[in-house]
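Some labels used for side-chain contacts rest on cut-offs. The turns below set values against those cut-offs.

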Amino acid sequence: MQRRQLSAQEVIWYDPQWLADPAAPVFDPAHWRRHNRISGQASGRGTTWFIRSDGGDAALRHYRRGGLFGKLVRDCYWFSGWDNTRSQQEFALLQHLRSAGVNVPKPLAARAVKRGLCYRADLITAKIPAARDLAELLQQGPLDTEEYRHIGIEIARLHQAQVNHTDLNIHNILLDTDGRVWLIDFDKCHAQSGNGWQQSNLDRLLRSFRKEVKKRAIHWQEQDFAALLDGYRSVREITA
């Protein structure tokens with residue numbers, strides 16, 4: 001990761017193999033649209049733009065607040081230093097996880113722009129090819145036991161890297177066509193020592209499965225989570 005202060009109000013962090021010119025307008029969706037390089041979009045708290053860059057397909061996300069407060073202040077965050085910005089922290093966390101062997105998107109570039117006492121932020125990551133999240137997959141049909149074991153194994157690797165995914169749910173777990181499990185959306189997540197927090201990640205994921213059974217009628221049963229835990233414990237017991 002390289003850091004470049006473009007002005008007193010703007011800093012970017014980037015992979016120089018992906019971004020040769022740090023001043024290029026890569027965080028502006030209009031730039032990609034003008035060059036006919038937007039391949040799609042996904043809506044959630046905000047819009048994620050899928051872009052075709054020279055370095056491969058990527059995802060551009062502007063940080064937005066959720067909840068009631070997000071309706072009042074959509075995308076401004078209190079500034080307490082460049083290294084405390086959400087974009088820089090997520091970029092660094094993804095780098096740490098990839099170095100630990102966890103399947104997460106490759107971080108390509110991050111930006112923070114300061115305005116007064118607040119800042120706005122953006123992040124670009126490599127797009128995971130041919131991958132769909134569990135919510136989408138389970139609406140179409142059930143997963144088998146081995147797939148759930150692989151999900152548990154990947155979560156165990158996340159915890160081995162001492163990263164607390166504070167929003168672990170079935171929308172943030174992807175499977176690609178090769179059967180690999182990917183974990184995404186690490187905004188507000190963080191490295192944390194000890195292990196007392198790890199069960200809360202698993203509990204949150206279980207609530208997510210149960211919620212989506214009611215909301216989307218996904219093909220899931222309680223014993224499926226037992227298979228996931230079996231995979232999780234197989235890694236944790238080996239490294240205990």
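Q: Why is R216 called partly exposed?
A: R216 has a relative accessible area of 30%. Buried means under 20% relative accessible area, exposed over 50%, and partly exposed in between (1.4 Å probe, protein chains only), so R216 counts as partly exposed.

Q: What does this rest on?
A: The model is predicted: local features need pLDDT of at least 70 and side-chain atom pairs count only at pLDDT 80 or more, while totals for chains, interfaces and linings use all residues. Residues are numbered from 1 along each chain as its sequence is written, and side-chain values use heavy atoms, with hydrogens and water left out.

Q: What makes the contact of E212 and R216 a salt bridge?
A: A salt bridge is a side-chain nitrogen of Lys or Arg within 4 Å of a carboxyl oxygen of Asp or Glu. The N to O distance for E212 and R216 is 2.4 Å, so the pair meets the definition. Both residues lie in helix α6 (residues 198–216), four residues apart, about one turn of the helix. Helices are DSSP runs (H or I, at least four residues), as are strands (E, at least two), numbered from the N terminus.

Q: Why is E212 called buried?
A: The relative accessible area of E212 is 3%, so E212 falls under the 20% limit.

Q: How do you know that D122 and R111 form a salt bridge?
A: Their side chains meet at 3.0 Å, N to O, so the distance is within 4 Å. D122 lies in strand β8 (residues 118–126) and R111 in strand β7 (residues 107–115), so the pair ties together parts that are 11 residues apart in sequence. D122 is buried at 4% relative accessibility, whereas R111 is partly exposed at 21%. E10, R111 and D122 are linked in a network of salt bridges.

Q: Why is the pair of F209 and F225 called edge-to-face?
A: Rings of Phe, Tyr and Trp (its six-membered ring) pair if their centres lie within 6.5 Å; planes under 30 degrees apart count as stacked, over 60 as edge-to-face and the rest as tilted. The ring centres of F209 and F225 are 6.0 Å apart and the planes are at 75°, so the pair is edge-to-face. F209 lies in helix α6 and F225 in helix α7 (residues 222–239), so the pair ties together parts that are 16 residues apart in sequence. Both F209 and F225 are buried.
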